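Thanks for coming. I have one structure to go through today, and I will keep it short. Please look at the sequence and the model on the screen.

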Amino acid sequence: LLLLFSVGGAQADTCPGGSAGLTRALYEGGDPAAYANVTCIPTEEFNDYEGDVVLKGLAFLTSIEEKAFAGFKGTLAITGEYPALETVGENAFNRACIVESAITFNGLPSFDS
């Protein structure tokens, strides 16, 4: 699996192109339907986050921006299908790992392998 790294970043809570991203506030709202159509996880959005994040597939997610989960302190579980994911930004998961965390991307036809 070849991960493409972006150089640059998104604005605070938006994705490249200005569409809405998955923010802490949106995630903490507790309704997965509210963020089912997001296209990115913005730059540094979950940086140093102390809660747990469980994502079980996001059909429209195209990018996880630079340092999106850097320094993440909780349990991070990313599983399921991500058919539109093309880019994982530089240091997106830097220092974001505890034993209970798991990141397993399935269905990545947009990535080169």
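I will go through the overall layout, then the core, the disulfide and the salt bridge.

First, the ground rules. This is a predicted model, where local features need pLDDT of at least 70 and side-chain atom pairs count only at pLDDT 80 or more, while totals for chains, interfaces and linings use all residues. Residues are numbered from 1 along each chain as its sequence is written, and side-chain values use heavy atoms, with hydrogens and water left out.

Now the layout. The chain has one helix and six strands, in the order α-β-β-β-β-β-β along the sequence. Helices here are DSSP runs of H or I with at least four residues, strands are runs of E with at least two, and both are numbered from the N terminus. Of the 113 residues, 41% are buried. Buried means under 20% relative accessible area, exposed means over 50%, and partly exposed is in between, with a 1.4 Å probe and protein chains only. The chain exposes about 5800 Å², and carbon and sulfur atoms supply 52% of that; the areas come from the Shrake-Rupley method with a 1.4 Å probe, and for residues only the protein chains shown count as cover. A contact means heavy atoms within 4.5 Å. Among contacts in the chain with a separation of 6 or more, 55% are between residues 24 or more positions apart.

Next, the core. Which residues have the most contacts inside the largest nonpolar core? They are Ile41, Phe46, Val53, Leu55, Ile64, Phe69 and Tyr82, in a core of 24 residues. Strands β2 (53–56) and β4 (76–79) each supply at least two residues of this core. By nonpolar core I mean a set of buried Ala, Val, Leu, Ile, Met, Phe, Trp, Tyr and Cys residues joined through side-chain atoms within 4.5 Å.

Take Ile41, in strand β1. Ile41 is buried, at 0% relative accessibility. Leaving out residues up to four places away in sequence, Ile41 touches Leu22, Phe46, Leu55, Leu61, Ser63, Ile64, Glu65, Ala68 and Phe69. With the same exclusion of residues up to four places away, Val53 touches Tyr27, Phe46, Phe69, Phe72, Thr75, Leu76 and Ala77.

Thr23 sits in the segment before α1 and is buried at 14% relative accessible area. A polar atom of the Thr23 side chain is 3.0 Å from the backbone nitrogen of Leu26.

On to the disulfide, meaning a pair of cysteine sulfur atoms within 2.5 Å. A search of the whole structure finds one. Cys15 and Cys40 form it, with their sulfur atoms 2.1 Å apart. Cys15 is in the segment before α1 (24–28) and Cys40 in strand β1 (residues 40–41), so the pair links distant parts of the chain, 25 residues apart. Both Cys15 and Cys40 are buried. The link is left-handed, with -95 degrees about the S-S bond.Last, the salt bridge, defined as a side-chain nitrogen of Lys or Arg within 4 Å of a carboxyl oxygen of Asp or Glu. The structure holds one, between the side chains of Lys73 and Asp48, at 3.0 Å from N to O. Lys73 lies in the loop between β3 (63–64) and β4 and Asp48 in the loop between β1 and β2, so the pair ties together parts that are 25 residues apart in sequence. Lys73 is partly exposed at 44% relative accessible area, and Asp48 is partly exposed at 38%.

Conventions
Polar contact = N/O pair within 3.5 Å; in protein donor to acceptor, adjacent residues only side chain to side chain.
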